[in-house]
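Look through the sequence and the structure first, then take the points below by topic.

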Amino acid sequence: MSGMDLHLTVNGDPVVFRIEPGDRLAGVLRREGYLGVKIGCGTGDCGSCTVLLNGDPVVSCLFLAAQAEGAEVTTVEGLARDGDLHPLQEAFLNEGAAQCGFCTPGILLTAKALLDRNPDPTEAEVRGALSGNLCRCTGYVNIVRAVLVAAERMRGGTA
């Protein structure tokens, strides 16, 4: 097989994947078993393929895998630790924000990046951060509420 080795840390684990020039990060991650990375539109418009690359959200369907060499990648599979859901995942479940679930991994990762940068966002800031993630099931009321609830819990509140 031709190609090159891609060295990453995915969800805390060092990995090496064989890739071809032009491979997109979303396709490589899915091929390697990270099926929480969804490919929706394939044009970077829906945000379903969002992963965190060194802590920043990127639409992995447009991102060349080779550009990620040496990076730390977080997929939705990396949010839960030792069987415990991340506070965002718990809030999504409790607030009914998961809906069909197809867009949920990308939204969770975008929200995590927001809360890592800003642990006390306003509703407008949450809506702004999530503007690149499309949900076609209903609206964003439950999603935004879940992010705000998670933020409060992560700050030590009781929401």
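**Loops, helices and cores**

Gln99 is partly exposed, with a relative accessible area of 29%. The model is a predicted one. Gln99 sits in the loop between α2 and α3. Its phi is positive, about 50 degrees, although Gln99 is not a glycine. Most residues other than glycine have a negative phi.

- Asn11 belongs to the loop between β1 (4–10) and β2 (13–19).
- Is Asn11 buried or exposed? Asn11 is buried, at a relative accessible area of 11%, which is under the 20% limit for that word.

**Helices α3 and α5**

- Helix α3 covers residues 104–117 and helix α5 covers residues 141–154. They pack at an angle of about 40 degrees, and their axes are 11 Å apart.
- That angle makes α3 oblique to α5, because angles under 35 degrees count as roughly parallel and those from 65 to 115 as roughly perpendicular.
- The crossing of α3 past α5 is right-handed.
- On the α3 side, the contact uses Ile107, Ala111 and Leu115. On the α5 side, Ile143, Val147, Ala150, Ala151 and Met154 take part.

**Helices α2 and α3**

- The axes of α2 and α3 come within 10 Å and cross at roughly 125 degrees.
- That makes α2 oblique to α3.
- This crossing of α2 and α3 is right-handed.
- From α2, the contact draws on Leu88, Gln89 and Phe92. From α3 come Thr104, Ile107, Leu108, Ala111, Lys112 and Leu115.
- The residues of the contact of α2 with α3 comprise six nonpolar, two polar and one charged.

**Helices α2 and α5**

- α2 and α5 pack at about 135 degrees, with axes 8 Å apart.
- The two helices, α2 and α5, are therefore oblique to each other.
- α2 passes α5 in a right-handed crossing.
- Pro87, Leu88, Ala91, Phe92 and Asn94 of α2 meet residues of α5. Those α5 partners are Ile143, Ala146, Val147, Val149, Ala150, Arg153 and Met154.
- The residues of this contact of α2 with α5 split into 10 nonpolar, one polar and one charged.

**The nonpolar cores**

- In soluble globular proteins, nonpolar side chains tend to be buried together.
- Which members of the largest nonpolar core touch the most other members? They are Leu88, Phe92, Ile107, Ile143 and Val147, in a core of 25 residues.
- Each of α2 (87–94), α3 and α5 supplies at least two residues of this core.
- Ile143 touches Phe92, Ala97, Gln99, Ile107, Leu130 and Cys135, leaving out residues up to four places away in sequence.
- Another core lies apart from the largest one. That other core has 22 residues, among them Leu6, Leu25, Val28 and Ala68.

**Arg127 and helix α4**

- Arg127 is part of helix α4, residues 123–129.
- Arg127 is partly exposed, with a relative accessible area of 37%.
- Neighbours within four places in sequence aside, Arg127 is in contact with Tyr140, Val141 and Val144.
- Arg127 and Val144 are 17 residues apart in sequence. In space they are 6.8 Å apart, C-alpha to C-alpha.

**Ser48 in a loop**

- Ser48 has its place in the loop between α1 (25–31) and β3 (50–53).
- Ser48 is buried, with a relative accessible area of 3%.
- Which residues is Ser48 in contact with, leaving aside neighbours within four places in sequence? They are Lys38, Gly40, Phe102, Cys103 and Gly106.

**Gly70 in a loop**

- Gly70 is in the loop between β4 (56–59) and β5 (72–74).
- Gly70 is exposed, with a relative accessible area of 59%.
- Gly70 is in contact with His7 and Leu8, setting aside neighbours within four places in sequence.
- Gly70 and Pro105 are 35 residues apart in sequence and 23 Å apart in space, C-alpha to C-alpha.

Methods:
Residues are numbered from 1 along each chain as its sequence is written. This is a predicted model: local features need pLDDT of at least 70, side-chain atom pairs count only at pLDDT 80 or more; totals for chains, interfaces and linings use all residues. Side-chain values use heavy atoms; hydrogens and water are left out. Axes are lines fitted to C-alpha atoms, for helices over the stretch in contact, and angles run from 0 to 180 degrees between N-to-C directions. Helices (H or I, at least four residues) and strands (E, at least two) are DSSP runs, numbered from the N terminus. Angles under 35 degrees count as roughly parallel, over 145 as roughly antiparallel, 65 to 115 as roughly perpendicular and the rest as oblique. A crossing is left-handed if the near helix is turned anticlockwise from the far one by less than a right angle, and right-handed if clockwise. Contact means heavy atoms within 4.5 Å. A nonpolar core is a set of buried Ala, Val, Leu, Ile, Met, Phe, Trp, Tyr and Cys residues joined through side-chain atoms within 4.5 Å. Buried means under 20% relative accessible area, exposed over 50%, partly exposed in between (1.4 Å probe, protein chains only). Ala, Val, Leu, Ile, Met, Phe, Trp, Tyr, Cys and Pro count as nonpolar, Asp, Glu, Lys and Arg as charged, and the others, Gly among them, as polar.
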